[in-house]
Amino acid sequence: MSIFNDDFGDPLYRPGVGMMILNEENKIFVGQRRDTKEPAWQMPQGGIGPHEETDQAMLRELEEEIGTRNIEIIVKSKAWYKYDLPTEIAKRLWGGKFKGQKQIWYALRFHGEDKEININTYRPEFCAWKWVGKAELLELIIPFKRHLYEQVLEDLWGYVIKKQ
């Protein structure tokens, strides 16, 4: 079955991957989006190409957004998660083709040093980054993604703790 016609069966959701990257202290990586004036912190995420597997897309997006692949996969979600974009954003993003995203999420352990993280990549998406705890993540995140992040944390956090 194609990822472009999967669980949700709705072609109006762009297929993508999301990455909950954790350091050795279980702090979560967040980046401040470069394309907005308001604070818009998020975990790295990105689209899946037409002939790309989810693992390939995750590694590519990881390198494109934070400049390193020095990670270990803790767990990959079995289910697709989705979120709707606010109407005004959906109209201008991706040529207005999609009303939101459906994503496979990964919990990843970062094994490098902070100096390895480089957000000034070829096409930078973030203008700043930091490590945050779970509670701060949910406070920082833009409201239309909050429910998604709550689901991802609820479903994947247990694997993070077991892996320590």
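Which residues do ring pairs link into a cluster? Select Phe29, Phe110, Phe126, Trp129 and Trp131, which ring pairs join in this way; rings of Phe, Tyr and Trp (its six-membered ring) pair if their centres lie within 6.5 Å, with planes under 30 degrees apart counted as stacked, over 60 as edge-to-face and the rest as tilted. This is a predicted model, in which local features need pLDDT of at least 70 and side-chain atom pairs count only at pLDDT 80 or more, while totals for chains, interfaces and linings use all residues. Residues are numbered from 1 along each chain as its sequence is written, and side-chain values use heavy atoms, with hydrogens and water left out.

By the ring rule there are eight aromatic pairs. For one of them, select Trp105 and Tyr149, an edge-to-face pair with 5.7 Å centre to centre and 75° between the planes. Because Trp105 lies in strand β7 and Tyr149 in helix α4 (residues 143-163), the pair ties together parts that are 44 residues apart in sequence; helices (H or I, at least four residues) and strands (E, at least two) are DSSP runs, numbered from the N terminus. Trp105 is buried at a relative accessible area of 0%, where buried means under 20%, exposed over 50% and partly exposed in between (1.4 Å probe, protein chains only).

Four bridges join β6 to the antiparallel strand β7 (residues 100-110), two strands being paired if DSSP finds at least two bridges between them. The bridge partner of Tyr81 in β7 is Gln103.
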